There are 2 protein chains.
Amino acid sequence: LLAENRITDKSILFVRNIQDLDIGMTMEPVPLEGWQIELSGLIRPYRVVFHAKELLDMEQVEYEMILQCSGNGRNEYGGIKGTPWDQGGVGNVRFAGVPLKAILDKYKIEVDPQVRYITAEGRDAAMGLEKPDLEHSIPIADVLERGIIALRLNGEPLPGIHGGPVRLVIPGLFGTMQIKWLTHLKFETAESPNFYHATEYRVPYTLLQPGEKFRFTLENSRPTWDIRLMSYILQPLPGAILTAGQVTISGVAYNDGKAPVESVLVSIDHGKSWTPANFDIPESLYSWYEWSIEKNLAPGNYEIWARATDALGRSQPLDGRIFWNPNGYEWTGVFKCDITVE
Amino acid sequence: LLAENRITDKSILFVRNIQDLDIGMTMEPVPLEGWQIELSGLIRPYRVVFHAKELLDMEQVEYEMILQCSGNGRNEYGGIKGTPWDQGGVGNVRFAGVPLKAILDKYKIEVDPQVRYITAEGRDAAMGLEKPDLEHSIPIADVLERGIIALRLNGEPLPGIHGGPVRLVIPGLFGTMQIKWLTHLKFETAESPNFYHATEYRVPYTLLQPGEKFRFTLENSRPTWDIRLMSYILQPLPGAILTAGQVTISGVAYNDGKAPVESVLVSIDHGKSWTPANFDIPESLYSWYEWSIEKNLAPGNYEIWARATDALGRSQPLDGRIFWNPNGYEWTGVFKCDITVE
């Protein structure tokens, strides 16, 4: 399905919610009326509350961008608990909204130079005391550079299930950082000690052995912020049976948008030789790159490999399990697709 | 010259000293007699001084490893001041000495858990007041894991010019971090504000435009600690004129030793296709990998490219200038070698 459209439709876009929230179960938009957003922390004035509907009158900015769960590809690691994501937790979408920078300007908010993170909280306290709220701290530079409070997804009002009426969206970051049902932005000097931020949705600074126990702290690990470089083969699909001859192999690749993807190399001989795929650099560095390559395939079984490299020299490990981590986040291994040619 | 031997002889090993020190000008060893090393800072007891010659009676550990100036390849960036290094500031050597961990054990030194860096200082105060001393702070985990106080280079007593009689050596780090003429190790919670450590020998966290001004601070940059992934073509040499037919292309590759180098891809068609070179993984992850590949070359002009990737998916940018920095450190661009085939 992902292969058919450059922009992923909301009807097939993945959904990963922590809480069971009424408005989190609907594909319908959620009224802006009555929705308030609070800003507080090391700012002057120290607290500002505004109505989300005021955002409608401000200039909107749109990003074509990757929306990807940090647990996408988790199954590849092996032996990981949690939602068993294969590679479907990713889409290329368009989010539109108001830059946070413009909001600070409008309400004449001054940010203390000591502020290093913005901690974003959504309306998810309705579940009662047994579960903590979800919030994430994000480096302030990223939020001020390109963070928006999003009101629209793919040109339509944001559906409740994708965080409507308002979601914090920062292109280049993993989906969990794009806080849904946004209610509160806190300007802080340190990362939040919140359960989800300080002990979940993190990866260790050190390499672990598969199965190794790890107790996450703010010191020994980092949040799953920046999207990891990935390439996918979307055509043919794994298990496909093709007719011998000229075959089109195509897919997508993307990274965190910090530098362009530079090459996607494809191998049909287990890495003995690699051929660069064709692609154009998309207008938005935060969206995916559609690549393709023609190969003449004789009958036989093939494992097609795809490996992206970006202009910063970041590439994908042949064996992605080198980054094994208890929650299976940030899979970035070379994509391998088994097919049969008859 | 580098191509001829796996281990780089001291007679051709590069030299880069900050100070003009008497013992820094000699290829001869320097007597250990009278040389003292001080340990201080957040340790118990708070100050320990021992004689370097006591190290001779302790168990020695030897590393085969890369010794590379962080300014190596500086010329490739273009428009950089400082010693105009091409690609000759690197060698593969053997350092032997006593692990710092064994020294802490011997003198029953307890390190406070708050300590994050060891700041190493060498005997370089002789130049008078106009120049600051050279010292560097190194993450304590690296020093305790594999740091040695080295007494020997390539099986012989350490020549004065390479830091003899005693040098702090941590495999995987750039040469500047291997403090020569070691006199003092300070156990500290923060990085040293020393001129060379806090404002030189650093790279910005952000990407710069070539020529851009940058004022280095401990907050906006990191020290040139870990050796960057590199591959070199050593045969043929740039400008070589070869006879058409079967040609051997060979070279070396290395990284910081955190994971094995996984592949060296060679292209003779400007990246239109890549072929993996052959190599064995060396016994020491900190040494270089000798790789080679056979190519059948018809008459013409070629630009041979070599690009390494390691098991962590780290690779080399096609255009290394993306990491342009004012001092030209940590060049990691794809190696390109022009040759003519007749």
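Good morning, colleagues. I shall open with the surface of chain A: its accessible area comes to about 14,700 Å², and carbon and sulfur atoms account for 52% of that area. Please bear in mind throughout that this is a predicted model.

Let me remain with chain A for a moment. Its secondary structure consists of three helices and 23 strands. The chain has 342 residues, and 57% of them count as buried. If we take the contacts in chain A between residues at least 6 apart in sequence, 71% of these join residues at least 24 apart.

I turn now to the aromatic residues. Over all chains, the structure holds 20 aromatic pairs. One of them is formed by Tyr117(A) and Trp225(A): the ring centres lie 6.1 Å apart and the planes meet at 20 degrees, so this pair counts as stacked. Where in chain A do Tyr117(A) and Trp225(A) lie? Tyr117(A) belongs to strand E7, residues 117-122, whereas Trp225(A) sits in the loop between strand E14 (221-223) and strand E15 (230-235). The two residues are 108 residues apart, and their pair thus links distant parts of the chain.

At Phe323(B), the charged end of Arg228(B) sits over the ring, 4.6 Å from its centre. At Trp305(B), Lys336(B) lies over the face, and here the distance to the ring centre is 4.7 Å.

Next, the two chains together.

Finally, the interface itself. Chain A contributes 25 residues to the contact, and chain B contributes 25 residues. Between the two chains an area of about 1,600 Å² is buried, with 59% of it coming from carbon and sulfur atoms. Which three residues supply more than any other three of the area that chain A buries against chain B? They are Glu262(A), Trp274(A) and Leu312(A), which supply 26% of that area.

Thank you for your attention.

Methods
Residues numbered from 1 in each chain as written. Chains lettered and ligands numbered in written order. Predicted model: local features only at pLDDT ≥ 70, side-chain atom pairs only at ≥ 80, totals over all residues. Heavy atoms only, no water. Helix = DSSP H or I, 4+ residues; strand = E, 2+ residues; numbered from the N terminus. Buried < 20%, exposed > 50% of the residue type's maximum accessible area, 1.4 Å probe, protein only. Contact = heavy atoms within 4.5 Å. Areas by Shrake-Rupley, 256 points an atom, 1.4 Å probe, with all protein chains shown as cover. Phe/Tyr/Trp six-rings, centres within 6.5 Å; stacked < 30°, edge-to-face > 60°. Lys NZ or Arg CZ within 6 Å of the ring centre and 35° of its normal. Buried area = accessible area lost by both parts, 1.4 Å probe.
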